[in-house]
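The sequence and the structure are shown first.

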Amino acid sequence: MSLTKTERAIIVSMWGKIATQADTIGTETLERLFLSYPQTKTYFPHFDLHAGSAQLRAHGSKVVAAVGDAVKSIDNIAGALAKLSELHAYILRVDPVNFKLLSHCLLVTVAARFPADFTAEAHAAWDKFMSVVSSVLTEKYR
């Protein structure tokens with residue numbers, strides 16, 4: 001699945017706004033993930049998963065930074081996320097369905113933070129982009 005020029009422009013444009021709130025968005029995305037899909041907590045037994053904890057904020061920052069890497073390398077998302085894919089597949093052994101759940105939570109968070117910018121066209125572009133990201137992250141599982 002490839003992104004059109006228009007979709008790429010929407011992703012890059014919105015990323016400029018998202019990046020200014022990356023830490024907050026990352027934390028909120030993980031909080032939403034753990035509340036909506038509590039089974040995902042099993043990968044973080046060593047984390048303090050209380051809202052706003054330092055570990056949650058730190059990991060949320062990493063998650064959004066990885067999305068930022070994908071945006072910056074929008075023409076080579078697979079290359080940008082290759083090491084992350086290997087880490088999650090071979091070392092952390094994360095169930096690949098969790099990438100889709102996380103993507104959904106990120107979309108909801110972005111929509112809540114930027115309602116005027118998250119038009120139907122933007123939603124479709126971001127949904128497609130995050131599907132590509134999820135697919136790339138699960139590549140090593142195949």
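## Packing of helix 2 and helix 5

Helix 2 and helix 5 cross in a right-handed manner (the near helix is turned clockwise from the far one by less than a right angle; the anticlockwise case is left-handed). The model is a predicted one, in which local features need pLDDT of at least 70, side-chain atom pairs count only at pLDDT 80 or more, and totals for chains, interfaces and linings use all residues. Residues are numbered from 1 along each chain as its sequence is written, and side-chain values use heavy atoms, with hydrogens and water left out.

Helices are DSSP runs (H or I, at least four residues) numbered from the N terminus, and axes are lines fitted to C-alpha atoms over the stretch in contact, with angles from 0 to 180 degrees between N-to-C directions.

## Packing of helix 1 and helix 6

Helix 1 and helix 6 pack with axes 9 Å apart at an angle of about 95°, which makes helix 1 roughly perpendicular to helix 6. In this contact (heavy atoms within 4.5 Å), helix 1 contributes Thr-6, Glu-7, Ile-10, Ile-11, Met-14, Trp-15 and Ile-18, while helix 6 contributes Glu-121, Ala-122, Ala-125, Trp-126, Lys-128 and Phe-129.

## Nonpolar cores

The largest nonpolar core holds 32 residues, of which Ile-77, Trp-126 and Phe-129 touch the most other members. Such a core is a set of buried Ala, Val, Leu, Ile, Met, Phe, Trp, Tyr and Cys residues joined through side-chain atoms within 4.5 Å; buried means under 20% relative accessible area, exposed over 50%, and partly exposed in between (1.4 Å probe, protein chains only). At least two residues of this core come from each of helix 1 (5–19), helix 2, helix 3 (54–72), helix 4 (77–91), helix 5 and helix 6 (120–137). Helix 6 gives the most, with 9 residues.

Another core, of 9 residues, lies apart from this one and includes Leu-33, Phe-34, Phe-44 and Leu-101.

## The segment before helix 1

Thr-4 is located in the segment before helix 1 and counts as partly exposed, at 39% relative accessibility. The C-alpha atoms of Thr-4 and Glu-121 are separated by 12 Å, although these residues are 117 residues apart along the chain.

Notes:
Angles under 35 degrees count as roughly parallel, over 145 as roughly antiparallel, 65 to 115 as roughly perpendicular and the rest as oblique.
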